[in-house]
Amino acid sequence: MTVDALTDVTGLRVGHATRAGDGWLTGTTVVLAPEGGAVAGVDVRGGGPGTKETDALDPRNMVQRVDAVVLTGGSAYGLDSASGVMAWLEERGRGVPVGADPAHVVPVVPAACVFDLGRGGNFRARPDAATGRAAVEAAAASAPGAKVPEGSVGAGTGAVAGGMRGGVGTASTVLESGVTVAALVVVNSVGSVADPGTGVLYGELFQGRVEYPEARVHEAARGRLAEAAARNAPPPLNTTLAVVATDADLTKAQAQKLAGTSHDGIARAVRPVHLLHDGDTVFALATSARPLGGGRPLDLNGVLAAGADVVTRAIVRAVRAAEPFSGPGGAWPSYGELYGGRRTADA
């Protein structure tokens, strides 16, 4: 049975650490690979990225597998959360062996951050090593194939998408070959996720299930968004992050290609994307549990197309699951509140 989440790729687990209230509005999300790690690739297209260990994923370089990927709030400060994940992995002897003693390992933990500084009211309230440890412990404690909490949680806690509340979303699909492809996203974009003329989510235009809001509802939503924009400080930096995963047996080069084409899923659902103040980054993980197909190079195409599709669906789910927020750092209505009648949750 599948749960339409990243955890449908057998062996992957997801954990969130969420901090909200008392000046906080941020968090960290960890994708934990199975024992032995996963083949990994990355593609960074935003002009203002905040990342860690992405060079290690270059197919020309030595590292073949990683044990975890960290997505975090806190801008570059939040990358410190990866050190908590590294410590947790080291304690379990997981990482690249660097000596005769099995305990001598160096975990390679790629990480990327979103900008959410000050959105809870306190600029210094941001994830640290303890936050990362809490997130990886939550991942390790989760059951195999567990549902993944979505919306205003983990790295998506302080996320904003084009003036509305952003968040975490996930989705998966199974190809005819039996290969699973899934994605988890953190939507925190400068660009809009909704068509300003109609209010329909861009991502839903690619899903064939479009319900256009009534004109009066859309006009009221536009007014609310304008009021919020006037109150809030301009968002100087934003980012959409994704982890796309498959159980197919991919090389590092193929994983990097999957990360690259999966950016198309962001471009369908967020407009504009990949700007100078975005840090848009996609990681790809392959657990290698299934053969790719008949061994032909073009067998990868189905995985590449599916990667973009699940990213688009995950973005839509993130926006629809987000909760409205109002606090000392700003006020961001959610898509559900604007078009579905949810109430605002004050900090």
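**Helix 4**

I began with the length of helix 4, residues 215–231, in this predicted model. At 1.5 Å a residue, its 17 residues should span 24 Å. I found the end C-alpha atoms 25 Å apart, which agrees.

Next I asked which residues of helix 4 are buried. They include His218, Ala221 and Ala228. I then looked down the axis of helix 4: the buried residues fall within an arc of 85 degrees, so they line one face of the helix.

What do these buried residues pack against? I noted strand 17 (330–332) and helix 7 as the partners of the buried residues of helix 4. On the face turned away from the buried side, I listed the exposed residues Ala215, Arg216, Glu227 and Ala230.

**The largest nonpolar core**

I turned to the largest nonpolar core, which has 41 residues. Which of its residues touch the most other members? They are Val185, Val193 and Ile315.

The largest share, 10 residues, comes from helix 6.

**A second core**

I also recorded a second, separate core of 32 residues. Val42, Leu57, Leu71 and Val168 are among its members.

Technical notes: Residues numbered from 1 in each chain as written. Predicted model: local features only at pLDDT ≥ 70, side-chain atom pairs only at ≥ 80, totals over all residues. Heavy atoms only, no water. Core = buried A, V, L, I, M, F, W, Y, C linked by side-chain atoms within 4.5 Å. Buried < 20%, exposed > 50% of the residue type's maximum accessible area, 1.4 Å probe, protein only. Helix = DSSP H or I, 4+ residues; strand = E, 2+ residues; numbered from the N terminus. Expected span 1.5 Å × (residues − 1). Arc of directions from axis to C-beta. Contact = heavy atoms within 4.5 Å.
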